[in-house]
Amino acid sequence: MKVFQHVNIVTCDQDFHVYVDGILALENSQIVYVGQENQEIFKQADQIIDYQGAWIMPGLVNCHTHSAMTGLRGIRDDSNLHEWLEDYIWPAEAEFTPEMTTKAVKEALTEMLQSGTTTFNDMYNPNGVEIEKIYEAVKASKMRCYFSPTLFSSDMETTDETIAKTRAVIGTIKGYQDPNFKVMVAPHSPYSCSRELLEASLNLAKKEDIPLHIHVAETKEESGIILKRYGKRPIAFLDELGYLDHQAVFAHGVELNEAEITRLADSQVAIAHNPISNLKLASGIAPVIQLQKAGVPVGIATDSVASNNNLDMFEEGRTAALLQKMKSGDASQFPIETALKTLTIEGAKVLGMEDEIGSLEVGKQADFLVIQPQGKIHLQPQENMLSHLVYAVKSSDVDDVYIAGEQVVRAGKVLTVDL
Ligand SMILES: [Zn+2]
């Protein structure tokens, strides 16, 4: 048994237990004790690690990103979503080679690990991707992920061809039988996929018994396009196709009215909230408080670095909190407990992984980050740890990271990615 002592632990469990000067004990990948010091636990320890007052919290869960786009950081600022996608992102992605993509994914893994993210939900353009190479890199990194090829409608291939290609990738990923590397069916959006492709995507997800991942209700412009094309807003249109009755992650959910939120609460859909990407592309502010009050699972996400421009989940959580306070006109809304849970256990719920990860509890996987506040002037006074974790911490403050009990970052250096 491995025991971490002299640690201040933010569990992010149901009752939001926080242990000051507590201990965390692991048996291989699993947490076997979390709480105050306990002599019985020390007696069983093979190894005791003294963290001298450091802060420990669960690894962060990034619910929507595009790691292969890391090479496009800074490609275009100051554009709205549709111009940004059509004139800059999609043409650049068309030029990707397998080498560029693998390099970009490794850089993303490094950036995520360095900033305390241990699980991510990825959507990538399958053009120029060798899934075996990506899998090798992710497996070596120890990170947990869904890594899903995006489906688009285009003049270049038929719906059947797109589905066949996707099915082949799903088959390859399922063949790995790796619980840390899974796949969803990821049609890009209701506007960039034909009705036929959206229907075929849902059928594929049902057949393969895997979730869906799709951009939905991101902008007013999208609502206008779908209303014009199908006579319905995006949620009603996808509902008609059956998307709300299948496990799904809807990225964004900015343009939602009250009736749509009520319908989502009664569906199998969860929302990946991308506050900075939504601000940068002037898409809007998602109604996160209303969604959470209605019972829709909401997690935090960065989207790609091309619209962010980093993978810093602490910055994302802080921005989410500030925006919800401003949007509601009530500073008591979206308190620090909510912010920390949304970054961790709520994100795990969005991905259907809440039984394994997202909080530090007995029986769960030991995925956590460590921040040593000593010597960091912006993290003083240390007793206000919870506030600092939301409002003062920087991604570069993360010292160590563990996944399944194994150390993957030491003193800010990633041990598991070979750049
Ligand atoms: Zn996205």
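The paragraphs that follow treat the metal site, then the annotated domain, and lastly a pair of helices.

This is a predicted model, and in it the zinc ion is coordinated by the NE2 atoms of His64, His66 and His215 together with an OD atom of Asp303, at 2.1 to 2.3 Å.

The geometry around the zinc ion deserves a careful reading. For four tetrahedral donors the ideal angle at a metal is 109.5 degrees. Here the four donor atoms subtend angles of 87 to 169°, and the arrangement is therefore irregular. A tetrahedral assignment would require all angles to lie between 85 and 135 degrees. His66 has a relative accessible area of 9% and is therefore buried, and Asp303, at 6% relative accessibility, also counts as buried, the cut-off for buried being under 20%.

Turning to the annotation, an unreviewed UniProt entry lists residues 55–408 as "domain: Amidohydrolase-related". Over residues 55–408 the chain is 43% helix and 17% strand, with the end C-alpha atoms 17 Å apart.

How do helices H3 and H4 pack, and at what angle? Helix H3 (residues 98–114) and helix H4 (residues 131–141) pack at an angle of about 20°, their axes being 10 Å apart, so H3 and H4 are roughly parallel to each other, and their crossing is right-handed.

Notes. Residues are numbered from 1 along each chain as its sequence is written. This is a predicted model: local features need pLDDT of at least 70, side-chain atom pairs count only at pLDDT 80 or more; totals for chains, interfaces and linings use all residues. Side-chain values use heavy atoms; hydrogens and water are left out. Donors are N, O and S atoms within 2.8 Å of the metal (3.2 Å for Na, K and Ca); water is not among the atoms, so sites may look incomplete. Four donors count as tetrahedral if all angles lie between 85 and 135 degrees; four count as square planar and six as octahedral if opposite donors are over 155 degrees apart and all others between 65 and 115; anything else is irregular. Buried means under 20% relative accessible area, exposed over 50%, partly exposed in between (1.4 Å probe, protein chains only). UniProt positions are given in the numbering used here, feature names are shortened, and annotations may be inferred rather than shown by experiment. Helices (H or I, at least four residues) and strands (E, at least two) are DSSP runs, numbered from the N terminus. Axes are lines fitted to C-alpha atoms, for helices over the stretch in contact, and angles run from 0 to 180 degrees between N-to-C directions. Angles under 35 degrees count as roughly parallel, over 145 as roughly antiparallel, 65 to 115 as roughly perpendicular and the rest as oblique. A crossing is left-handed if the near helix is turned anticlockwise from the far one by less than a right angle, and right-handed if clockwise.
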